[in-house]
Amino acid sequence: MAVLQLRSPLTPEERQQRQKLILRDTIALLSLFAIVLLLFFITLFLFHSFSVHRQELAYRWRGRGEKALRANQPLVAIDALRSALAYAPDDETLQIELAEALGAAGRTQEAVAYFNTLLESRPGNGLINLQLARLAAKQGDEAKALEYYQAALDGTWNGDGYVRRREVRLELAQYLISRKRYDQARNQLLITAGNAPDDVNIELQVAGLLESAQDPANALHLYQKALQHKPVQLAALEGASRTAYALNHYLQAKTYLERTLNHPDFEKQPADVQARFRDMLSDSDHILLLYPGPELSIRDRAERILNNRKIAQQRLAACLSSKTTIPPALQALANQWQQLPKTLRLLQLEQNPELEQQIMQLVYQTEQVTSQLCGAPTGDDALLLKIAQAPEAVEQQ
Amino acid sequence: MSVQPMQETEAKQSVKKPVKRPKNEFSQLEIEKIAPTRDERLFLVLSIFIGVLSGLLVVCFRVAIEWIKILTLGSAPHAGQYRLLIVPALAGLFVAALAQLFFPGVRGSGVNQTKAALYIYNGYISFKTVIGKFVTSALAIGGGHSLGPEDPALQIGAGVASMVARRLNLSKQRLRLFAPIGAAAGLAAAFNAPISAILFVIEEVIGQWSAAVLGSIVLAAISSVVVARQFWGAEPIFRIPTVTLRDPRELIAYAVLGVVGGFAALVFSKALGYLRPRLRALPTWTQYCQPGVAGLLVGLIGFIGFPQVMGPGYEVIDQAMHGQFAWKLLLALALLKILATTLSFSSGTPGGMFAPTLFIGAMLGASVGSFEKLFFPHLAGTVGAYALVGIGVLFAGFLRAPLTSVFMVLEVSGNYSIILPVILANMIAYLLSRGLQPVPIFEVFTHQDGLDLPSMEEVREESELHLEDALRPVDVPVIKGQQTLGEATKIVSAAHAPACLISLWDGSWYALSDEELTSASATTNTDTPIERILPSERAPILFPDMPLDSALHFFPRWPVLPIMNRASKGKLEGVITQDDVLHRYQEH
């Protein structure tokens, strides 16, 4: 681009030369522009085809990685997901999947480092906090695990936050149960149960965990809730039976156990499970036959008390005879029995409710003391011992 | 970074070319006469064209590397694949044959070739070299050699600039300046960081800030980055995680990183300085197979379990920055990368050291960060921050470009909160490296190539002398213009001075020599005021901060020069003579 100098003292020949120079520069710049344009389109074409190929590669490697992850082949998954990330470095799901694969492959340190870095860029991400909680749990760092679980509960989730938080809470409860921190687990489960929709599967899951957290009462409540759904699920019946039985609600347990055994799917259960439920029903029946409940007629109750008295005294006698030196607790028990009339008639008992209560009290005491000093009881003694744990609950509904 | 072949071929061309001028071309003298401002105006327009062209070419170059990598090494190279052994070896053999038979000027990185073009060949880089550099570097890097694309991109940019400037028949002086402009454009597009590219070219190619070329360098670099970002996006070549300085105690860890980086830079420099001349000294026929053998060895490193060291390794830098590796693996990768790059580069395979330097720095930084995170979790910031600082550390320690190293980290991170760790770690690494290896690596290569290019480190630190350095107190008589000739004669003869200074009514000065005074006394009445006998010419106005050489051309006319005070007009700061100036230069 030669520069025009309008009033330059140039000769005509020089002016002509200058015009030639301008023309030449203009042509040179135009050809340069044309080259730029041509190169731009070539570059655009190359880059576009390259980008498309990169996307294809990212998709292909992601598929392989996820497949390997599902097939529990974390090492293969790591390679594949790393390759996918090389072509789609900003894909958040891929990053998390890779870290998961690292953790699954036992490369916990790498996985933790990776998740920590991800967390730094997305500190409130629920999924990353959850993965870190799992890794901390795996490493046995309970405090860190609980901290991350809590952060995951408080964190952000994409779209399905409500459901994912409930899942995290259930996972946290499971972890707490595994650490024998039943109170905390119970709290989490009760929160979950309180917020959960009226869904039988969720109720069954929470109830099962409550059972594991040694809270059969709340578990029974949830099983009962689950039983309101039609068709009645066998798992709900089994759970209700189990928990009612564990709570010594034998009358209630009997009802549930009978329903369980009559459920069409019960026969599909493994034999040992079936046997266990049948035993429970048999025990419940026997307990209800032994228990002198208030709804019985005066005579029937007196008969049961006399029978229980006989069973307890036989157990005490057997226990005493097995000992060379009699322990003081056993001696005190024997003394208490001796203070009662040796022979009792039904009429005496029918007319004296206080004596009835005193005898049953001594029966329960005898079964408890002898079970501690002379080994686990069997037969009716065992059943009486069960009643002794919570006599008032036997017929509770 | 061999310049020897270029010397033999291009030097001849560069000498012959200007002589063989087509008939319709204008000579520089003609152009200067008919369009004196043409070059100056074209300079800025062409800078933009050069930037755009370089940007497009570098995008193509990077795409070519990636395509070659995918086609030859596969989309996900991993340990145990036999192609990791075969491909780099074959690529090396093919590239060596091309370099030996067709493109003798393409060996090495490109930085020293660009410097040689600037200082020796009047900015001349041939079209053949640009094409050769593009093809051979893409093949070598894409084929798995442990080299980077930035330095070749720098040379490609410089070559484009040289071609454009030649096509427009610019003056030799302008032609020479276009090489660094194109270099900045090429590097900026390759690294997607214009400020770092500009600073690197100033630090490593030009050696000093030059206002004449800075504007054009900036224009070209920005144009090329704008073009590159149209394709790659605004993100740097690797994703930068959140970087912060959490705890001031972390600075201790950054200082440790500086020390580690300084020693790593030393090991890297020593390894290259040792192996490269030995391989070059082998018989010429071995140069056909050296890159192949180097490729085989680099491939072996990948084959046995570390494919990450192959190629430029940007995705590995990205992974390290995002905490995907444990510290032991990171350390192993850093050491193996030093080995692999030493092998690839020393064998004469075309490709740059910019990316390997970033790689090693990132691995070392991430390693230190991960170690700290593991053992001192309450103190550690993000692993990414350490990796980023590590990059700067190696840059300062190995490439010895301290200013670029700091600004590069700030530019790619876009976060100034990390400036303190960066400066601390880089300074430690730079000083350590400089103390243990006085000659910078680029200078080592130029010496090995038998060239004597200016040392950029020395140029940067060269202190310019000023008039104040040669200034002495006013020891010649100072006479007022109104005083008579007789009085002046008396004063001068009493002082036995060779000259005197005449202070005139308008604040200007005249330095009157003894001879002039004697001559005036002989022809003029002694009662005449001295200002009347003086010619209209006045002593030049000089100030103490002006360059010392600015006074030299006045001495044939003036026996002594008054140096003025900038704050109060007419007040003398001192005087200087030619002897003072020469004496000062001799002392320097």
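In which hand, left or right, does helix 11 of chain A pass helix 13 of chain A? I began my notebook with that question, and noted the ground rules before the answer.

**Ground rules.** I am working from a predicted model, in which local features need pLDDT of at least 70 and side-chain atom pairs count only at pLDDT 80 or more, while totals for chains, interfaces and linings use all residues. Residues are numbered from 1 along each chain as its sequence is written, and chains are lettered from A and ligands numbered from 1 in the order in which they are written.

**Chain A.** I looked up the elements and found 18 helices and zero strands in chain A; helices (H or I, at least four residues) and strands (E, at least two) are DSSP runs, numbered from the N terminus. Of the 397 residues in chain A, 37% are buried, that is, with 20 or more other C-beta atoms within 10 Å of their own, the C-beta atoms being placed from the backbone.

**The helix pair.** I then returned to my question and found that helix 11 of chain A passes helix 13 of chain A in a left-handed crossing, meaning that the near helix is turned anticlockwise from the far one by less than a right angle. The axes of helix 11 (residues 234–246) and helix 13 (residues 271–290) of chain A come within 11 Å and cross at roughly 45°; axes are lines fitted to C-alpha atoms, for helices over the stretch in contact, and angles run from 0 to 180 degrees between N-to-C directions.

**Between the chains.** I next noted that 42 residues of chain B are in contact with 33 residues of chain A. On the side of chain B that touches chain A, the largest share, 13 residues, comes from helix 3 of chain B.

**The sheet.** Last, I looked at an open sheet of three strands in chain B, with the order 1-2-3 and mixed pairing, where two strands pair if DSSP finds at least two bridges between them. Strand 1 (478–480) and strand 3 (509–513) of chain B stand at the edges, each with a single partner strand, so one side of each has no neighbour in the sheet. Strand 1 and strand 2 (residues 499–503) of chain B run parallel and are joined by three bridges, and Val478(B) has Leu501(B) as its bridge partner in strand 2.

Notes
Two residues are in contact if their C-beta atoms, placed from the backbone, lie within 7 Å. A residue is buried if 20 or more other C-beta atoms lie within 10 Å of its own, exposed if 12 or fewer, and partly exposed in between; C-beta atoms are placed from the backbone.
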